[in-house]
Amino acid sequence: MGAADELCRDTRRPILVDLSTIGSVDRSARAVFSELSKPSKIALLGTSAVDRVMASAILGHHQPPNPMKYFTNKAAALAWLKLGWDCR
């Protein structure tokens, strides 16, 4: 999330997190998702059972301050991220 905040700088932008590139998410890492961050909304993308468990842990144990949703389809995740966001 720190890297996402740095990339966003002073502009709130949506981000896509590909869970398939993450080995595990420990308790302290899950807690980061419950803190306010600069991304305007976060799409969690995954296709495996492990990805689904990680997303469940992130979404189920913490109330994220930013809209956050799990997707198994990248096109659907990107479409959701673009909703309500002006790309100009």
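In this predicted model, the largest nonpolar core brings together 10 residues: Ile15, Val17, Leu19, Ile42, Leu44, Met54, Ala55, Ile58, Met68 and Tyr70. Four elements each supply two or more residues to this core: the strands β1, β2 and β3 together with helix α3. Helix α3 gives the largest share, three residues. There is also a second, separate core of six residues, with Ala43, Leu45, Phe71 and Trp80 among them.

| Element | Residues |
|---|---|
| β1 | 15-18 |
| β2 | 42-45 |
| α3 | 49-61 |
| β3 | 68-71 |

Trp80 leads us on to helix α4, whose buried residues are Ala77, Trp80 and Leu81. These three lie on the same side of α4, because they cover an arc of only 100 degrees around the axis. An α-helix has 3.6 residues a turn, so residues three or four places apart point the same way. The buried residues of α4 pack against β1, β2 and β3, while Ala75 and Lys82 are exposed on the face turned away from the buried side. At the start of α4, Asn73 places a side-chain oxygen within 3.0 Å of the backbone nitrogen of Ala75.

How far can you trust the details? The protein has an average pLDDT of 77, and 64% of the residues score at least 70. Confidence is highest in helix α4 (residues 74-82), at a mean of 94, and lowest in helix α2 (residues 27-32), at 64. Where pLDDT is low, the predicted coordinates should not be read in detail.

Definitions and conventions:
Residues are numbered from 1 along each chain as its sequence is written. This is a predicted model: local features need pLDDT of at least 70, side-chain atom pairs count only at pLDDT 80 or more; totals for chains, interfaces and linings use all residues. Side-chain values use heavy atoms; hydrogens and water are left out. A nonpolar core is a set of buried Ala, Val, Leu, Ile, Met, Phe, Trp, Tyr and Cys residues joined through side-chain atoms within 4.5 Å. Buried means under 20% relative accessible area, exposed over 50%, partly exposed in between (1.4 Å probe, protein chains only). pLDDT is the predictor's confidence in each residue, from 0 to 100. The arc is that of the directions from the helix axis to the C-beta atoms. Contact means heavy atoms within 4.5 Å. A polar contact is a pair of N or O atoms within 3.5 Å; within protein, one must be able to donate a hydrogen and the other to accept it, and residues adjacent in sequence count only if both atoms are side-chain atoms.
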